[in-house]
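Please consider the model shown below, beginning with the packing of its helices and continuing to its charged side chains.

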Amino acid sequence: MNSPTLARCGLWLRRLAEAAMALGMAGMVLAVFTNVVLRYVFDTGIVFYEELSRLLFVWLVCIGAIVASVEHKHLGFDMLTSRLKGWPRTACAVLARLGIAYVMVLVAIGSWRQVEAGMESRSTVIGYPLALAAASTLVLAVGMLAVLAVQVLQRERPGAPHGKDEGLVE
């Protein structure tokens with residue numbers, strides 16, 4: 001796949017993720033606000049909304065983490081690496097990426113096992129398969145691995161502003 005096609009695909013996926021986050025946030029706000037009004041005004045609530053808002057929150061966090069990774073807005077600790085130059089900086093970048101990849105593979109494996117186990121279990125109130133909640137971390141791991149792969153292929157430094165990178169080796 002050529003670079004413009006890849007960039008278009010990436011932009012489409014980013015817009016899809018942002019739309020999913022906006023819809024999830026809107027659903028959460030509506031569910032929580034409705035329950036707050038019902039509790040304070042009518043001394044009741046809708047249990048369905050509590051479970052729905054919890055599920056939407058989990059998905060919102062996982063999708064948001066992927067988007068934050070793409071935008072280089074995730075948490076980072078660069079007190080040491082910001083002072084390094086040349087091959088030590090490159091070595092640290094490679095080790096960091098290998099560590100991230102290893103952890104994301106472990107998360108993907110564990111999430112897949114939870115998805116398989118959750119296919120037979122149902123949530124208490126709504127009754128959706130618990131695999132739906134576990135799938136959020138599977139999507140997180142696969143998405144973060146994809147972002148990492150693109151960054152490696154584009155030779156971006158960890159923490160570099162998106163699109164403004166000279167490559168790993170200076």
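The axes of α3 and helix α4 (residues 131-153) come within 8 Å and cross at roughly 155°. Here axes are lines fitted to C-alpha atoms, for helices over the stretch in contact, and angles run from 0 to 180 degrees between N-to-C directions. Because angles over 145 degrees count as roughly antiparallel, under 35 as roughly parallel, 65 to 115 as roughly perpendicular and the rest as oblique, α3 and α4 are roughly antiparallel to each other. The crossing of α3 past α4 is left-handed, meaning that the near helix is turned anticlockwise from the far one by less than a right angle, whereas clockwise would be right-handed. Helices are DSSP runs (H or I, at least four residues), numbered from the N terminus.

The residues that meet in this pair include R97, I100, A101, M104 and W112 on the α3 side, and A131, A134, L138, M144 and L148 on the α4 side; contact means heavy atoms within 4.5 Å.

This is a predicted model, in which local features need pLDDT of at least 70 and side-chain atom pairs count only at pLDDT 80 or more, while totals for chains, interfaces and linings use all residues. Residues are numbered from 1 along each chain as its sequence is written, and side-chain values use heavy atoms, with hydrogens and water left out.

Attention now turns to the charged side chains. A salt bridge is a side-chain nitrogen of Lys or Arg within 4 Å of a carboxyl oxygen of Asp or Glu, and by this rule the count comes to four. In one of them, R14 pairs with E71, with the closest N and O atoms 2.5 Å apart. This pair links distant parts of the chain, 57 residues apart: R14 lies in helix α1 (residues 3-42), and E71 in the loop between α2 (47-70) and α3 (86-118). E71 also forms a salt bridge with K73, at 3.7 Å between the closest N and O atoms. R14, E18, E71 and K73 are linked in a network of salt bridges.

Relative accessible area (buried under 20%, exposed over 50%, partly exposed in between; 1.4 Å probe, protein chains only) places R14 at 29%, partly exposed. E71, at 22%, is also partly exposed, and K73, at 62%, is exposed.

A further salt bridge joins R39 and E50, whose closest N and O atoms are 2.0 Å apart. R39 lies in helix α1 and E50 in helix α2, so the pair ties together parts eleven residues apart in sequence.

Finally, pLDDT is the predictor's confidence in each residue, from 0 to 100. The chain averages 85, and 89% of the residues score at least 70. Over residues 162-170 the pLDDT is below 50, and beyond near neighbours in sequence this stretch has 21 contacts in the model.

How values were computed. Helices (H or I, at least four residues) and strands (E, at least two) are DSSP runs, numbered from the N terminus.
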